[in-house]
Amino acid sequence: MIDSFPIILLVTSIICYFTYKYYIYPFYFSPLCKIPGPSPDHFLFGNLMQIIKSDVGIPHIAWAEKYGGIVMYRGLFNKPRIFITDSKALLHVMVSSVYDYPKPPGFIRDLKPLLGSGILLAEGDTHKRQRKMMNPAFSFTNVKEMIPTFAKVGHIMKDLWIKEIGDNEKSQIDIMTYLSKATLDVIGLVGFNYEFNSLTSKNELAEAYTMIFTPQNRRSTLLRIMSNYIPFFNKLPIEFNIRTREASRIIDQVSNKLVTETLDKAKLGELEGNDLLTILIRQNEQTAIKEDRMTEHELKNQIMTFLAAGHETTSVAIGWALYFLSKNIEVQNTLRNELLEAFPDKDFIPTFDQINSLEFLNCVVKETLRVNPAVPMTIRTTKKDDVIGGYMIPRGTPIFLFMNTIHRLPSIWGSDASTFKPSRWLDPNLTSIQTNYTYIPFLTGPRSCIGNKLALNEFKVMLAILIRNFKFTEIDGFEVKSKLAISLRPDPTIKLWVEKLI
Ligand code: HEM
């Protein structure tokens, strides 16, 4: 007879281990238990199902209002998750101790195929060195020179819409597809002096980004989250993994081509223009310490970062603005009146000063990025044990920052916090509410968005061209939800009635 004792002992030990790891420790012994937060809804999934079923960061609003600026909820297998909305905690994580709060390995692994190992995923001294070298490319002086390019692409899109509407008064247009191509064409030109022409021709890069940024269904989202625990899930032949692999192959190929061609020009002394890559290569060559210079591989990775970070976010932001304006015709009319007065010519090319002097346009842009920030969340982890807001946070704890939770807290923004209301920005009292920690569409501190000036100006110029020349209205029964697909994507893609006014 087989002695069953060792098997019983083994099974009992495994059960005890998992019970301790997933139930006893997280519920009774983890120092994170001291942080207030909601009770888990599910014995296995913690609070995860509620989070997946809702729009990003929305359940967190009620939690933050009830439990305060540092909240603990539970992820898969009841793992404690922390999210912070408190200004002092944000200052600590994003500014004063920023390099002690890197992005977690799982987050980096997920974003790498899309962004490459560029500045967005760099940490510590590597990040400091890259940021210092890149700052000049994103300066105001340089962004000012980009304005005509933003306008040129905006007018190409406008003319395509006029053509699509044809002899009709109005037409239903899938605006996200156009915007995504328009902002890709912009980053091609201002980033690398390269004509993708994706608005006017078929482009494999545009298709690759559509593959990646199309929101996933709930099952795929759950599988992606589970791959943080079981990395093998990343290799499963599910649609999202296949899509990501194929898209990142194309992005890698295009980035390689762009960097090789520009470096070849540099070697021949033919480098000209003020695109981001050219400035970066010049800056690189002028860096006195050779070890501080970027390698060809690093440059290629920055291109991947500029491509993805620089076009997806801006197109999503403009898309949400048009969507909100289609639901708020009065607001749309106020904006159009301001634009018609400033730009009587339908084919206007604004100057930097003109576009930035338009008060209501500025309100609409700010309000869009408040209600639906194109990047709605990010994650950090603790590099070492630390104390935040009086709570002990052990090394390796994931810390979530939900921009759209912070932007919608009634305790900060008032009872209409979730309403799109651009006129709120005209209220002089708002300056005391809006700080670097309560309004953070571009984050804050040394890891804030390096492209924010570029993005805001591109957003304003494109929106001005579209609202000046078209009226946007909702299609009856067509509702859009916001879904996290790295950025805050509309799901399904936004379709609107577009009526020409010229
Ligand atoms: C409305 C448009 C945009 C929004 C809302 C936005 C938002 C953000 C946010 C929130 C971050 C921090 C991400 C994190 O650390 O987890 C970020 C970083 C970054 N963004 Fe943007 N972004 C926008 C447009 C752009 C554009 C046009 C570029 C230009 C290429 C750009 C380039 C970058 C880069 C390179 C970083 C990494 C900065 C660093 O880590 O030092 N972004 N952006």
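**Figure 1. Helix 13 leads the shell around the ligand.** In this predicted model, helix 13 gives the largest share of the shell around the ligand, 6 residues. Helix 13 spans 296–327. By class, the shell residues divide into 15 nonpolar, 8 polar and 4 charged. The shell counts 27 residues. The nearest of these are His-127, Arg-131, Thr-378, Arg-380 and Cys-449.

Figure 2. The protein supplies a single donor to the iron atom of the ligand. That donor is the SG atom of Cys-449, at 2.3 Å. Cys-449 sits in the loop that runs between helix 19 (430–433) and helix 20 (452–469). Cys-449 is also among the residues that come nearest to the ligand.

Figure 3. Arg-131 places a side-chain N or O atom 2.7 Å from an oxygen atom of the ligand. For Arg-447, a polar side-chain atom lies 3.0 Å from a ligand oxygen. For Lys-103, the corresponding distance is 3.2 Å. Several elements give two or more residues to the shell: helix 6 (124–134), helix 13, strand 4 (377–381) and helix 20.

**Figure 4. The ligand lies between two domains.** Domain 1 covers 1–105 + 374–437. Domain 2 covers 116–342 + 441–501. Both domains give residues to the shell, so the ligand lies between them.

**Figure 5. Met-377 is a buried residue of strand 4.** Met-377 is found in strand 4. Its relative accessible area is 12%, so Met-377 counts as buried. The C-alpha atom of Met-377 is 8.7 Å from that of Ile-486. Along the chain, Met-377 and Ile-486 are 109 residues apart. Strand 4 itself is one of the elements that give two or more residues to the shell around the ligand.

Figure 6. The bond from Asp-491 to Pro-492 is cis. Its omega angle is near 0 degrees. Pro-492 belongs to the loop between strand 10 (487–491) and strand 11 (495–500).

Figure 7. Asn-193 lies in the loop between helix 8 (175–192) and helix 9 (204–213). Leu-443 lies in the loop between helix 19 and helix 20, the loop that also holds Cys-449. Asn-193 is partly exposed, with a relative accessible area of 47%. Leu-443, at 14% relative accessibility, counts as buried.

Figure 8. A search of the whole structure finds 0 disulfides. Cys-33 illustrates the result. The closest cysteine sulfur to that of Cys-33 belongs to Cys-16, 20 Å away. A disulfide needs two cysteine sulfur atoms within 2.5 Å, so the sulfur atoms of Cys-33 and Cys-16 are too far apart for a bond. Cys-33 is partly exposed, at a relative accessible area of 26%. Cys-363 is buried, at 4% relative accessibility.

Note on methods:
Residues are numbered from 1 along each chain as its sequence is written. This is a predicted model: local features need pLDDT of at least 70, side-chain atom pairs count only at pLDDT 80 or more; totals for chains, interfaces and linings use all residues. Side-chain values use heavy atoms; hydrogens and water are left out. Buried means under 20% relative accessible area, exposed over 50%, partly exposed in between (1.4 Å probe, protein chains only). Donors are N, O and S atoms within 2.8 Å of the metal (3.2 Å for Na, K and Ca); water is not among the atoms, so sites may look incomplete. Helices (H or I, at least four residues) and strands (E, at least two) are DSSP runs, numbered from the N terminus. A residue is near a molecule or strand if one of its heavy atoms lies within 4 Å of it. A polar contact is a pair of N or O atoms within 3.5 Å; within protein, one must be able to donate a hydrogen and the other to accept it, and residues adjacent in sequence count only if both atoms are side-chain atoms. Ala, Val, Leu, Ile, Met, Phe, Trp, Tyr, Cys and Pro count as nonpolar, Asp, Glu, Lys and Arg as charged, and the others, Gly among them, as polar. Domain bounds come from an automatic or database domain assignment.
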